[in-house]
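Here are some notes for going through this structure for the first time. Keep the viewer open and take the points one by one.

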Amino acid sequence: MDNLEAKKRNSAKLSLTDVISRMWDPTPEDILLVKKAFNYAEKAHLDHVRSSGEPYFIHLVETAMILAELGMSGTTVAAGLLHDAIEDMSVTQEEIESEFGSEIGFLVQGVTKLGSLKYKGTDRHNESLRKLFVAMSEDIRVLLIKLADRVHNMRTLSFVDQDKQLRIAKETLEIYAPIAYRLGIRKLNRELEDLAFPYIYPEEYKEIKRTRKELHQDKLEGLEKFSRSTRKALAKEGIINFKTEYRVKGLYSLYKKLLRKEKDIEKIYDINAMRVLVETIPDCYRVLGVIHSRWRPLPKRIKDYIAFPKPNGYQGIHTTVFTGDGNIVEVQIKTYDMHKLSEFGIASHVTYKEKTKNRDALAWIHSLLPKDSKSNERRKSNTADVPQWIKELAQYEEPGKNQKIFKERLTSDFFNHRIFVFSPKGDVVDLPMHSTPIDFAYSIHSDIGNHLFGARVNGKLESLETQLKNGDIVEILTKENSGPTQKWLDVAITSLAKRNIRSELSKRKKSKR
Ligand code: MN
């Protein structure tokens, strides 16, 4: 057990600096908070040991480090350090709250309530997902802590009893990794998939790993040469502040792609990709121009996900070119912001919100409200980050009659049937496919839906029955005396809109009488 001993020694060295140095730009308050949580957790878990033989405290520091790398603020990092305190130690919710305040208390309790998700067959699977969605819908940070917790548990899965390994790995691959993907946190999605992969498909894992290594080594020299030529060409064209890097495709993602392409490795052009990061969107198109004028692109491999983002919000331009020395390379061109968003997804959104104290996004919503309407439905600030699809799934809370709908929605390839629609200011709303401007309006606020009178889609007036497409920009027009009709119930497709329309219709009926 030399390996284990080495690990123990290594981990025992983890210190407060390991956490703080990973935080993006912590304020003095952030540092104090994290320090306090660090000392508190160390004391609380003093005699507690993990199945790896490590002090339990290491797990908390590692979880906090993952959260810090996601750009989380002091509050969330501190909650990460405390996330097992209530469940595993004799600490109470009240103690956490009096020491660290109600926000951290709420987050720690949220993670505790989630507990361990038991994965056994379809029913349990759905039940676990439902619990996750409910927790997420209350505060997305609870989920981020749970994901960080899972990443570290997966990194140390080899120390767990063998009979548990497969269950935990499956749960990771079928629940946590897809959710991380759907929230756009590619960084965690990739790591979770690649950590679970060898436990579930050991033979395939070995094969893919070997294949990737061979291909990568073959191509490395060519890639480096290509990258040097590209950098020279870009500089010559006056493009400044760019950065190039390679990325090697994740093993599990490569495995899935090979299954789709019927195992023909020759068809996988993106095992090695070169990334070009620049400051602005016009720069992205200029880079594309420079590259295409020097290297011949493969036909039909040019994908403009800037003009047409992927359903998960991903943006960037992809093209595949012949490098002239017999190689083929995929080039991904993005702005720095797009890249950050594609790696950290909703996490970077949360960070931004935490820093601007939640107010900016709400200001936009309130500016749309008709002036004299009394809104009794103000969103809690900590739910404003939560995508609509999560809130909707969380509504199927009571078991019984709604269980069936919930299952149907989850099994109907739910994750692939969403579109992203934009407000004129660029805020993103996540809706089911075939949604209409009515669904969009209600997803912003019930008052906006209840005063909806027209919609401009991509600058053009369109009927309220128009089916929105991914990437549409929708401007909602409201009028004081406008409102829902019976017909809207057939047009709207989200349960949120339907529920609001029904309640508004019955309210108006009553007030007429
Ligand atoms: Mn934990």
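This is a predicted model: local features need pLDDT of at least 70, side-chain atom pairs count only at pLDDT 80 or more; totals for chains, interfaces and linings use all residues.

1. On the α13 side, the residues in contact are Glu204, Tyr205, Ile208, Lys209 and Arg212, and on the α14 side they are Leu251, Leu254, Tyr255 and Leu258. The two helices pack at an angle of about 100 degrees, and their axes are 10 Å apart. That angle is why α13 counts as roughly perpendicular to α14.

2. The buried ones are Leu251, Tyr252, Ser253, Leu254, Tyr255, Lys257 and Leu258. Note that a lysine, Lys257, is in that list.

3. Next, the five-stranded sheet. It is open, its strands come in the order β1-β2-β5-β4-β3, and the pairing is mixed. Helix α15 (residues 281–294) lies across β2, β3, β4 and β5, and runs at about 160 degrees to β5.

4. Within that sheet, have a look at β4 (residues 317–322). Five of its six residues are buried, so the strand is mostly covered, again taking buried as under 20% relative accessible area. It runs antiparallel to β3 (residues 303–304), with two bridges joining them, and aspartate 304 stands opposite isoleucine 317. On its other pairing, β4 is joined to β5 (residues 328–335) by six bridges, also antiparallel; there valine 321 has valine 329 as its bridge partner. β4 and β5 form a hairpin with five residues between the strands, where glycine 324 takes a positive phi near 95 degrees.

5. A second sheet is open too, with three strands in the order β9-β8-β10 and antiparallel pairing. Its edges are β9 (460–462) and β10 (474–478), each of which pairs on one side only. On average, neighbouring strands here are turned by 35 degrees against each other, ignoring direction.

6. What holds β8 (residues 452–457) to β9 is a set of three bridges. Arginine 456 is partnered with leucine 461, and valine 457 with lysine 460. The two strands form a hairpin with two residues between them, and asparagine 458 in the turn has a positive phi of about 50 degrees. Towards β10, β8 has five bridges, and glycine 454 stands opposite leucine 477.

7. Which residues does threonine 466 touch, leaving aside those up to four places away in sequence? They are Ser435, Thr436 and Pro437. Threonine 466 itself sits in the loop between β9 and β10, and a polar atom of its side chain lies 2.6 Å from the backbone oxygen of serine 463. Pro437 belongs to helix α21 (residues 437–444), in which eight of eight residues are buried. Among them are Asp439, Phe440 and Tyr442.

8. Last, the metal site. The manganese ion has His59 (NE2), His83 (NE2), Asp84 (OD) and Asp149 (OD) as its protein donors, at 2.1 to 2.3 Å. Along the sequence their spacing is H-x23-H-D-x64-D. Histidine 59 is in helix α4 (residues 57–69), while histidine 83 is in the loop between α5 (74–81) and α6 (85–88), so the pair ties together parts 24 residues apart in sequence. Both histidine 59 and histidine 83 are buried.

Terms used: Residues are numbered from 1 along each chain as its sequence is written. Side-chain values use heavy atoms; hydrogens and water are left out. Donors are N, O and S atoms within 2.8 Å of the metal (3.2 Å for Na, K and Ca); water is not among the atoms, so sites may look incomplete. Helices (H or I, at least four residues) and strands (E, at least two) are DSSP runs, numbered from the N terminus. Buried means under 20% relative accessible area, exposed over 50%, partly exposed in between (1.4 Å probe, protein chains only). Two strands pair if DSSP finds at least two bridges between them. Axes are lines fitted to C-alpha atoms, for helices over the stretch in contact, and angles run from 0 to 180 degrees between N-to-C directions. A polar contact is a pair of N or O atoms within 3.5 Å; within protein, one must be able to donate a hydrogen and the other to accept it, and residues adjacent in sequence count only if both atoms are side-chain atoms. Contact means heavy atoms within 4.5 Å. Angles under 35 degrees count as roughly parallel, over 145 as roughly antiparallel, 65 to 115 as roughly perpendicular and the rest as oblique.
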